[in-house]
Amino acid sequence: MVLLNAQTLSPTDRKFCGMNKKVPFHTFDGQPPLPKQLHICLLILIRSYIILLLALASQQQSAQLLELFYPDPQQLYWGIALGAPALLCWLSGAYRQREGHPIYHALWCKGRWLCIISALGELILQLQILSQHRWTFDWQQAFLLSASVWSCSYLLFSRQLTAIFIVDLDESI
């Protein structure tokens, strides 16, 4: 068996063999890592859980921290409820190609649609909060609305995500 590497081939042969292309880094299980945009999108969708964990970690200022980000406690409860599908998808991503985890595989296969439901719910929640405030401009609401719109558009229109949410156990190591 002859192994080809970039040092033994001429530049034209390297171009012909496709060795000039960047090869993606693979994780320890042989699968390419998840895109950074998906991680950012999932962090946006589970921000209520992150803020709740930070508030619980700082026991003395937990009420002040929650009031800073969620002046109305109902917004926190809705954020936790709407972030649950994205949290399940994020947790099942760690087991997406490992054998013997059928629940995680089922969650990961449905993960894109779970995240889309979560993102659309977050967008509707942000629009409802803006309508309650009579559409007055606030930087925090503007940032959250733009993050919700970006996450919805990324989840709906990214062609890269359709191949990511497929479990293929035959090629895993």
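A salt bridge here is a side-chain nitrogen of Lys or Arg within 4 Å of a carboxyl oxygen of Asp or Glu. The model on screen is predicted, so local features need pLDDT of at least 70 and side-chain atom pairs count only at pLDDT 80 or more, while totals for chains, interfaces and linings use all residues. Residues are numbered from 1 along each chain as its sequence is written, and side-chain values use heavy atoms, with hydrogens and water left out.

**Stop 1: the salt bridge**

Select E122 and R47, which form a salt bridge whose closest N and O atoms are 2.9 Å apart. E122 belongs to helix α7 and R47 to helix α3, so the pair ties together parts that are 75 residues apart in sequence; helices are DSSP runs (H or I, at least four residues) numbered from the N terminus. The structure holds one salt bridge. Is each partner buried or exposed, given that buried means under 20% relative accessible area, exposed over 50%, and partly exposed in between (1.4 Å probe, protein chains only)? E122 is buried, with a relative accessible area of 2%, and R47 also counts as buried, at 15%.

**Stop 2: helix α2**

Next select residues 36-45, helix α2, and highlight its buried residues L38, C41, L42, I44 and L45. Viewed down the axis of α2, these buried residues fall within an arc of 155 degrees, so they line one face of the helix; the arc is taken from the directions between the helix axis and the C-beta atoms. To see what they pack against, display α3 (47-57), α5 (73-92), α6 (102-109), α7 (111-132), α8 (139-157) and α9 (160-164), where contact means heavy atoms within 4.5 Å.

**Stop 3: the nonpolar patch**

Helices α7 and α8 each supply at least two residues of the patch. F157, placed in helix α8, is exposed, with a relative accessible area of 66%.

**Stop 4: the loop at S158**

Finally, select S158, in the loop between α8 and α9, which is buried, with a relative accessible area of 11%. A polar atom of the S158 side chain lies 3.4 Å from the backbone nitrogen of Q160. Leaving aside residues up to four places away in sequence, S158 touches R112 and S153.

Notes
A polar contact is a pair of N or O atoms within 3.5 Å; within protein, one must be able to donate a hydrogen and the other to accept it, and residues adjacent in sequence count only if both atoms are side-chain atoms.
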